[in-house]
Amino acid sequence: MITNILELIWNSWWLKIPLSIIALWYFLGVVYIGEQKVGIVIKRFAMRNLPPGQIIALKGEAGYQADVLPPGLHFFYWKWQYRILHLPLTYVPSGEIALVVAAAGAPIPPGRILGRTVSCNHFENARAFLASGGEKGRQLAILTAGTYRINSALFTVITSWNAPDHGLSPEMLRLYKVEPDRVGIVTTLDGAPIAEGEIAGTSIPGHDNFQNAQSFLDSDGHRGLQEQVLLSGVWNLNPWFAQVEQVPMVEIPIGHVGVVISYVGQAHEDVSGVDFKHGDLVLPGHKGVWISPLYPGKHPLNTRIMRVELVPTTNIVLNWATRTESHQFDAKLSSITVRSRDGFAFNLDVSQIIHIGALEAPKVISRAGSLQNLIDHVLQPIVGNYFRNSAQDYTVLDFLSARSHRQSEAAEHIATALREYDVEAIDTLIGDITPPEQLMKTQTDRKIAEEQRKTYEMQEAAETQRQQLVRQTSLADIQHQVVGAEQGVQIAELQARASVRKSEGEAESIRLRANGEADAIRATGNAKAEAYTAGVESLGHQNYAMLQLMQIIGERNVRVVPDVAVTGAQGGSGLLDALMAMMVKRDTLPQRPASELN
């Protein structure tokens, strides 16, 4: 059956060509590697075997070969001698890194944990890696985003896809990002041990922010906490080499300065000068208290190796009382208990205002260690002891009555004392004074009695004033009458004068009229006299007199005969008859006006 099939194939010309190609392909040992593949070569047998401990062949030994097959056709890789593994390319996504573990190479020296970086075209050249002294195990170098033809027989590449299989989280293989307004505090896991007496490795230049781990080690970088920090940005960091802790930047608010106390740096060298004998100050970068303060703003400082003491440059109010300011520096302060000369104990509430200049802040911190220490160990004893000592020279009442003077003395004394500590005392204020209750009760009773006395005196004065007011009011009322009377007198005088003037006028008028009438009568009399003289001369005295008498009787209606005659007849009725006749006549006669009667 098989013989017949072979004869059929041999006699079929259309089958001879493909079979020839296949035979040639097999004879030449042709291998084809696809575009997205890499060929891993395994040599089944050879004249030489690999040395002990070596797993990758560099000189044609049997086993995994160092060189890989790139995409395309390759010859003389006969199947009976070689086995070709077609594996996919190694791909590192954008925004990620990949870690590498070498299965072969020189042993890592003692004291190190990661294999050194060698020139091997990003681990694509396994021969160069081994020939250049590449070390077995986890590698310092990393793979960044891209596609690589990696010999998986020598290198194990850890990406975010297979990270859990190697005990890593996918987040560890993403680019490390330091957020804005934060700094990354770096701890390296490889390098020389930190020198004795130091807490962090010194700053090493040239390692590109810990991205070039081999440069860091070549510059004698130390493992552990580092002085240098990472600023905001994205970094290619090997998580096997460096770990980063993000902390906020040190912010110095407005109205403050920051005094840096560094625990690492160059050798201590005091630059404070001979006049400053209570501490040491150093230049920035040295170990100790920096002479230059940090001004308001944000500063990328490593807070693991240095401390920043905030010092307010505005006025600081400290209360020895029950109340506390928002800065809380006076939280431990309380009212000061003092004893007076007369043996009474009483409490004082005191407020002290101080100011620390920006350039004086490092001196204050160098001397006291912190602002809180300055308040607790300097200000509190100075202020408290001064008032306790000064109160013994005065009685309680003297202290109360001369409070402003005591305050001025305290301000002067405390300002002088604080000047020695490079602190400016702005003012010292005495608040509430709480004297003994018994003394205050006595003083209160005395004051109440005094106030009552003053009240009575004021009431008495008010009553006196009221009486005086009534008297003045009455006088005012009488004054109206007096004024009216005076005005009446004046009016009467004026009226009298007017009457006098009028009377004088009337008198003068009467006199003139009388003179006129007299002159008229005199003229009339003279005329009558002349007439009488002429009449007498013509008629004679008797005739002329009779004539005048008759004329008068006629003009005056003089009755010659009486209307009622009273006789002396017997019977006594004559007088009665006369009266009755007169009454009848009076009733019957018409009444004449009074003017006519005159």
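This is a predicted model: local features need pLDDT of at least 70, side-chain atom pairs count only at pLDDT 80 or more; totals for chains, interfaces and linings use all residues.
How many of the 7 residues of strand S2 (residues 37-43) are buried?

1. Strand S2, which spans residues 37-43, is mostly covered, since 6 of its 7 residues are buried. On one pairing, S2 runs antiparallel to strand S6 (residues 82-88), and 7 bridges join the two; within this pairing, Ile40 stands opposite Leu85 in S6.

2. Strand S2 also pairs with strand S4 (residues 63-69), again in the antiparallel sense, and here the pairing extends over 4 bridges. A reader who wishes to locate this pairing in the structure may look for Ile42, which stands opposite Tyr64 in S4.

3. His299 is found in strand S20, which covers residues 297-299. Because its relative accessibility is 18%, and buried means under 20%, His299 counts as buried. A polar atom of the His299 side chain lies 2.9 Å from the backbone oxygen of Tyr295. When residues up to four places away in sequence are not counted, His299 touches Met249, Val250, Ile252 and Leu294.

4. Leu73 has its place in strand S5 (residues 72-74). With a relative accessible area of 48%, Leu73 is partly exposed, because that term applies between 20% and 50%. Leu73 also belongs to a nonpolar patch on the surface, which it forms with Tyr32, Phe75 and Phe76, and the four residues together have about 440 Å² of accessible area.

Conventions: Residues are numbered from 1 along each chain as its sequence is written. Side-chain values use heavy atoms; hydrogens and water are left out. Buried means under 20% relative accessible area, exposed over 50%, partly exposed in between (1.4 Å probe, protein chains only). Two strands pair if DSSP finds at least two bridges between them. A polar contact is a pair of N or O atoms within 3.5 Å; within protein, one must be able to donate a hydrogen and the other to accept it, and residues adjacent in sequence count only if both atoms are side-chain atoms. Contact means heavy atoms within 4.5 Å. Patches are made of residues with over 30% relative accessible area and no salt bridge: like charges are joined within 9 Å, nonpolar side chains (Val, Leu, Ile, Met, Phe, Trp, Tyr) within 5 Å. Accessible areas come from the Shrake-Rupley method with a 1.4 Å probe; for residues, only the protein chains shown count as cover. A salt bridge is a side-chain nitrogen of Lys or Arg within 4 Å of a carboxyl oxygen of Asp or Glu.
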